[in-house]
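Here are my notes on the model, as numbered points. Please read them with the structure open.

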Amino acid sequence: MTDRNPRQLFNTWLRLAGVVISGMALMAVAGPATLVIAVLLGLAVVKSRFVALDFMGLRQAPSALRVGLFIWPAALVLVAAAKLVLSTALFS
Amino acid sequence: MDARSHPIATAADEDTTDTLLLWVLVWSELAAFGILLVGFLVVGVIQAGAFAAARTHLDPLLAGINTLVLLTSGWQAALAARPRASLMQRRRALIGAALFGFAFVAIKLLEYSAEAGVAGDPQFASFFELYFLVTGFHLLHVVFGAFVLLIVAWRPKPGNVALITTLWHVIDLVWIVMFPLVYLV
């Protein structure tokens with residue numbers, strides 16, 4: 001359960017919406033270039049942090065839970081980044 | 001012997017707020033989706049050309065809008081899970097979270113209807129099999145979760161609200177990571 005008040009939760013939602021809209025705008029302007037995709041992967045980890053800490057209320061939770069819920073998105077994003085580098089190196 | 005004076009604690013005396021099984025469930029979901037996403041990425045390396053060609057038929061704009069919809073739903077779920085929320089606030093937020101969940105489903109089905117035409121092309125077979133498996137598995141979680149949110153809105157006991165909202169945020173978390181992996185990488 002979250003310990004945030006409605007105002008703090010609204011601010012978190014606003015930040016998340018800002019990150020999503022920025023990502024979509026970046027994609028629309030610059031297209032699916034490798035660097036853009038790398039930035040969007042980083043933003044996915046940022047969004048995950050906001051959801052875990054503020055919406056799920058893990059700021060005061062045991063560190064194992066906080067770290068675990070950071071490692072899951074971070075590990076998948078790293079695998080995706082490795083795939084991106086591999087595909088670029090092999091097929092460009 | 002009087003039960004109240006018995007020295008051994010009964011199950012009723014134990015802490016009822018323990019969340020061990022909730023986190024076991026959360027991690028089993030994350031493990032399942034993690035395996036599916038890694039599988040998707042590995043096949044994407046093996047069939048890089050076909051995956052890149054198939055990906056041009058996806059609609060990242062609709063998926064981006066769906067990210068906003070699901071995050072809004074997660075915000076409503078977080079409002080419902082506040083310990084100080086009144087019964088009415090809890091109910092309203094849970095219903096709001098469920099409605100945004102159903103909006104996500106509607107947008108995703110719209111997206112599927114546009115992709116169905118090219119999904120049968122043998123050149124894209126592997127991509128669309130995995131795409132429908134991964135995103136469809138997630139979509140089923142959203143449908144099921146939204147119905148459970150409505151049931152809990154009917155009887156919003158704090159324990160039930162904490163359980164379904166935590167799982168709802170996990171579904172949200174999975175989509176946040178799934179979006180760039182499936183649509184972009």
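1. Start with the helix pair. In this predicted model, α3(B) and α4(B) cross with a left-handed sense. Helix α4 covers residues 87–119 of chain B, and its axis lies 7 Å from that of α3(B). The packing angle is about 165°. Angles over 145 degrees count as roughly antiparallel, so α3(B) runs roughly antiparallel to α4(B).

2. What makes up the contact of α3(B) with α4(B)? Its residues divide into 15 nonpolar, six polar and three charged.

3. Now the interface. Chain B brings 33 residues into contact with chain A, and 33 residues of chain A take part in return. On the side of chain B that touches chain A, at least two residues come from each of α1 (20–46), α3 (60–80) and α6 (158–183) of chain B. Which helix gives the largest share? That is α3(B), with 10 residues.

4. By class, the side of chain B that touches chain A holds 23 nonpolar residues, eight polar ones and two charged ones.

5. On confidence, the predictor assigns the complex an ipTM of 0.94. The pTM is 0.91. For chain B, the average pLDDT is 91, and 91% of the residues score at least 70.

6. Where does pLDDT stay under 50 in chain B? Over residues 1–5. For that stretch the model has one contact beyond four places in sequence.

Methods. Residues numbered from 1 in each chain as written. Chains lettered and ligands numbered in written order. Predicted model: local features only at pLDDT ≥ 70, side-chain atom pairs only at ≥ 80, totals over all residues. pLDDT = per-residue confidence, 0-100. Contact = placed C-beta atoms within 7 Å. Helix = DSSP H or I, 4+ residues; strand = E, 2+ residues; numbered from the N terminus. Nonpolar A, V, L, I, M, F, W, Y, C, P; charged D, E, K, R; others polar. Axes fitted to C-alpha atoms, helices over the stretch in contact; angles between N-to-C directions. Parallel < 35°, antiparallel > 145°, perpendicular 65-115°, else oblique. Left-handed = near helix turned anticlockwise from the far one by under 90°.
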